[in-house]
Amino acid sequence: MKYEKRILCIGAGFVGGPTAAMIAYKCPECRVTVVDINKKRIDQWNSNTLPVFEPGLDAIIKAVRGTNLFFRTDIPKGIQENDIIFVCVNTPTKAFGAGAGMAADLQFWENTARQILENARSSKIVVEKSTFPVKTAQAMERILMSRNNGIHFDVLSNPEFLAEGTAVRDLERPDRVLIGSRNTEGGLKARDELVEIYANWVPRERIVTSNIWSSELSKLAANFFLAQRISTINAISAVCEKTGADVSEVAKIVGMDSRIGSKFLNASIGFGGSCFKKDILNLVYLCRHEGLPEVADYLEGVIRINDYQKNRFVMVMLEAMFNTLVGKKICLFGFAFKANTSDTRESPAIHVVRRLLEEKAEIILTDPVALDNAKADIKEFAGTVHYVKDPYRAVKGCQAIAVMTEWSLYKELDYRKIYDLMVKPAFVFDGRNILDHQALFEIGFNVYPIGKRPMSHF
């Protein structure tokens with residue numbers, strides 16, 4: 001079959017796989033290939049058990065896989081055969097050398113750029129899809145244009161704005177699609193070609209174009225604004241607990257202000273995931289490098305409040321349970337950093353588990369889809385932490401439940417049955433404020449929400 005466009009996604013993770021699937025689903029005239037060096041991951045994409053859990057993704061994959069969507073491991077062949085290349089590789093926070101703990105680790109990005117240069121036999125449009133530091137496009141251009149062999153590369157920035165757990169909806173009905181380009185004839189032509197792909201299903205008014213540096217910075221800035229709102233309401237939650245205010249009531253009142261709005265004002269144990277912390281630290285590093293220490297300190301404060309909230313949650317547990325957790329069984333409801341995803345990267349549960357183990361508590365973890373990732377994240381505690389998928393089995397003999405993930409499953413459980421299975425006095429620490437606290441109290445639980453007065457029988 002002759003396809004109008006041949007598209008390659010390098011990287012088969014949380015961004016590359018769903019993005020490629022949606023393009024293939026909405027653009028049957030395009031052939032979309034996803035490549036990755038991880039053969040196990042590619043095999044999973046070609047199986048009935050996908051490596052990424054996202055509601056609605058299975059159905060889309062099954063509709064287009066083998067028709068105009070393909071998952072392969074041959075990266076050089078993919079580069080040679082395709083005209084538009086989305087770079088969807090991982091950009092973790094650097095763990096070594098200059099900028100360790102803040103700057104993005106760009107080794108995978110540079111390896112990919114050099115692979116494209118080495119294997120390209122014709123001109124390409126290269127699209128930054130992963131979240132990259134500002135000016136990465138310039139570095140990519142310098143690598144790709146380092147050979148005078150008649151092959152031309154146009155680099156675009158097209159950052160993803162996906163929220164895990166709603167990625168399919170975000171791809172199908174995005175708030176906006178952002179495409180940054182150079183203001184050159186070739187850059188504008190490449191931009192328009194990418195616009196035409198998205199225009200197959202995204203209204204034109206939601207496709208925003210900008211210069212390439214604004215595009216790269218906008219992704220980082222958007223994540224800072226969202227994370228800042230979470231840290232702000234979490235800071236207020238600490239004040240609420242000390243003064244007798246109710247953080248849910250405060251958030252509702254504040255959110256009714258049209259200048260502020262109600263989104264991302266749910267108090268919790270803190271944010272997690274692969275983006276917020278990494279992207280904010282990236283901005284902090286950029287500001288320090290550019291001689292903006294006051295801005296860097298302000299940005300970094302959002303991270304400090306997030307860490308404080310996780311520590312505070314554990315300290316509330318310690319104080320409530322008579323200032324000792326030694327030998328006490330505590331069941332964590334959820335390990336994924338948010339509901340409707342199996343992703344556990346930077347999950348607050350990781351920190352809470354480590355702190356509870358420092359207090360010599362015994363930990364039982366339950367989560368509907370994220371237990372395998374949990375085992376990998378805290379593998380140093382193998383044999384110490386117990387993993388039980390069934391929440392009723394998990395709570396047996398426990399003295400406390402800590403709600404870590406806002407899975408709807410946890411709202412629907414029979415808590416009277418759970419209370420009967422637990423050691424008394426029984427505690428619930430609702431780190432997501434999703435449960436009916438009054439009903440739990442009436443059953444007999446001692447209930448400790450976030451940002452609200454505890455409900456104790458003592």
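Student: What covers the buried residues of α13?
Tutor: Welcome! This is a predicted model, in which local features need pLDDT of at least 70 and side-chain atom pairs pLDDT 80 or more, while totals for chains, interfaces and linings use all residues. Residues are numbered from 1 along each chain as its sequence is written, and side-chain values use heavy atoms, leaving out hydrogens and water. Helices (H or I, at least four residues) and strands (E, at least two) are DSSP runs numbered from the N terminus. The cover of α13's buried residues includes α12, β9, β10 (362-366), α14 (371-377) and β11 (385-387).

Student: How many of the eleven residues of α13 are buried?
Tutor: Buried means under 20% relative accessible area, with a 1.4 Å probe and protein chains only. Among the buried residues of α13 are Pro348, Ile350 and Leu357. α13 is largely enclosed by the rest of the structure, because the buried ones number eight.

Student: Is phenylalanine 335 buried or exposed?
Tutor: Phenylalanine 335 sits in the loop between β9 (329-333) and α13 (348-358). Leaving aside neighbours within four places in sequence, its contacts (heavy atoms within 4.5 Å) include Ala349, Ile350 and Val353, as well as Leu365 and Thr405. With a relative accessible area of 0%, phenylalanine 335 is buried.

Student: How many Å apart in space are phenylalanine 335 and methionine 455?
Tutor: Along the sequence, 120 residues separate phenylalanine 335 from methionine 455. From C-alpha to C-alpha, the distance in space is 25 Å.

Student: What is the relative accessible area of aspartate 279?
Tutor: Find aspartate 279 in helix α11, which spans residues 276-289. Beyond neighbours within four places in sequence, aspartate 279 is in contact with Thr131, Lys219, Leu220 and Asn223. Aspartate 279 counts as buried because its relative accessible area is 0%.

Student: At what angle do α11 and α12 pack?
Tutor: Helix α12 covers residues 293-320, and its axis lies 8 Å from that of α11. Axes are lines fitted to C-alpha atoms, for helices over the stretch in contact, and angles run from 0 to 180 degrees between N-to-C directions. The packing angle is about 165 degrees.

Conventions. Buried means under 20% relative accessible area, exposed over 50%, partly exposed in between (1.4 Å probe, protein chains only).
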